[in-house]
Amino acid sequence: MKKLMVGMALTATLATAVTPGFGSIGGNQEKAYAAATVTYKVTASKLNVRSGAGTTYGIIGSVVKGQTLSVMSKSGSWYKINYNGRTGYVSSDYVQASGTATPPAESTTYTVTASTLNVRSGAGTNYASIGSVKKGQKLSVVSKSGSWYKINYNGRTGYVSSDYVQASGTTTPPAESTTYTVTASTLNVRSGAGTNYASIGSVTKGQKLSVVSKSGSWYKINYNGRTGYVSSDYVQASATVSPKLVVDSFKTLGNAQQVILVTADNYDTKSAKIQTFEKVDGKWKQVLTANGVLGQKGFSLSKKEGDMESPTGKYTIGTAFGRYANPGTKLPYRKITANDVWVDDSKSSLYNTWQQKPANGRWTSAENMDIPAYDYGFVINYNESRTPGKGSAIFFHVGTNYTAGCTATSKEQVVSILKWLNPEKNPVIIQSPVSELDKY
């Protein structure tokens with residue numbers, strides 16, 4: 001029988017794909033095979049060639065018994081082939097592979113881009129560091145939650161910021177909010193992505209699986225500290241009902257798709273909780289949680305200049321700033337110079353605006369901007385009407401003790417939030433005691 005090469009026509013009709021039998025369960029990552037070492041011959045009298053990896057795809061032709069195929073890769077129980085100058089798919093149940101196949105690389109790799117990247121115990125910089133990974137290191141990613149990857153780290157679960165990880169390939173890690181449950185009484189776990197791979201164990205009905213990725217009809221899982229593969233035909237994937245987020249009940253957000261929520265237990269505390277939320281596909285998702293601080297005397301419902309209190313309310317986000325180069329924010333960014341000040345003189349026509357020294361009689365009081373607290377930050381658009389005495393220079397900036405009326409958190413968190421903010425998503429910041437969130 002002559003061997004069919006790439007681009008050579010395959011004459012045509014079709015066969016029906018057979019669901020893998022129970023127990024013949026393997027991996028499903030699309031896999032490249034070495035044509036020089038493996039021969040693929042049709043065993044059915046006629047085998048349909050389809051436009052995609054499944055019987056729901058249209059028939060584009062057929063191949064006949066004994067014909068040799070030019071196989072490009074495998075996805076689940078389907079071979080991707082070169083067919084008459086185009087791509088086609090045939091059921092592997094009707095193709096005999098002889099020779100040595102080299103298992104392909106996974107379709108997605110996750111590589112550290114930072115010189116050193118902290119691995120944390122939870123999805124946020126407020127969680128403790130449990131170790132670190134180095135630039136160029138490949139990660140075993142389990143799932144993604146907001147801007148954090150959940151990874152396998154030295155036999156335990158860890159989290160790293162996705163800002164410093166490069167994902168290359170086509171497989172997206174599953175959302176953490178999905179539960180994968182075995183439905184078969186016993187389900188083989190295989191060492192590779194295919195039923196030709198050896199069984200390395202089994203899982204039982206009702207067992208929850210730690211799924212890394214899916215391709216075709218196979219799940220790649222973490223199995224007793226090693227990688228295994230199971231057929232998705234015997235696994236039920238169900239979305240976990242997520243707890244309702246506080247922003248879900250807000251009625252005043254309008255077209256805002258990003259929210260920074262700053263809350264405190266009461267008006268008199270300087271300690272705050274900072275949370276960020278983003279609307280994705282019509283649903284709010286929580287991105288970050290961090291500790292923060294307010295004015296020395298806490299929140300104010302009616303702020304006044306110099307009262308050392310942070311204003312409550314909902315505000316838009318203004319210009320980002322810092323004493324260094326733009327850290328990567330999409331907001332308009334202004335680098336602070338030694339002459340930059342923010343006018344806090346209520347009698348000045350320039351009250352509550354960013355200006356440059358010298359004053360030349362334009363104001364009698366102004367706050368110096370070239371200070372460590374303003375290494376990075378952004379303007380909270382408070383008192384935009386510049387009402388004298390109502391308060392000025394209200395920022396979100398770096399700080400861990402207390403402020404004179406701004407909101408602050410660690411430099412790491414400020415930079416993370418700056419990178420996340422997108423003016424196209426109309427971000428707002430809401431500041432309020434927990435007991436008064438129903439106002440929003």
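The protein chain contains one helix and 37 strands, where helices (H or I, at least four residues) and strands (E, at least two) are DSSP runs numbered from the N terminus. The model is predicted: local features need pLDDT of at least 70, side-chain atom pairs count only at pLDDT 80 or more, and totals for chains, interfaces and linings use all residues. Residues are numbered from 1 along each chain as its sequence is written, and side-chain values use heavy atoms, with hydrogens and water left out.

Of the 440 residues in the protein chain, 49% are buried, that is, under 20% relative accessible area with a 1.4 Å probe, counting protein chains only. Contacts (heavy atoms within 4.5 Å) between residues at least 6 apart in sequence join residues at least 24 apart in 61% of cases. The accessible surface of the chain is about 20300 Å², with 48% belonging to carbon and sulfur atoms; such areas come from the Shrake-Rupley method with a 1.4 Å probe.

Strands of a sheet pair through backbone hydrogen bonds, either parallel or antiparallel. Here, two strands pair if DSSP finds at least two bridges between them. Strand E31 (residues 340–343) is joined to E33 by three bridges in the antiparallel sense, and Val341 has Asn368 of E33 as its bridge partner.

Elsewhere, strands E21 (residues 218–223) and E22 (residues 226–231) run antiparallel and are joined by six bridges. Trp218 stands opposite Ser231 in E22. The hairpin of E21 and E22 has two residues between the strands, and Asn224 takes a positive phi near 50° in this hairpin.

Key: Buried < 20%, exposed > 50% of the residue type's maximum accessible area, 1.4 Å probe, protein only.
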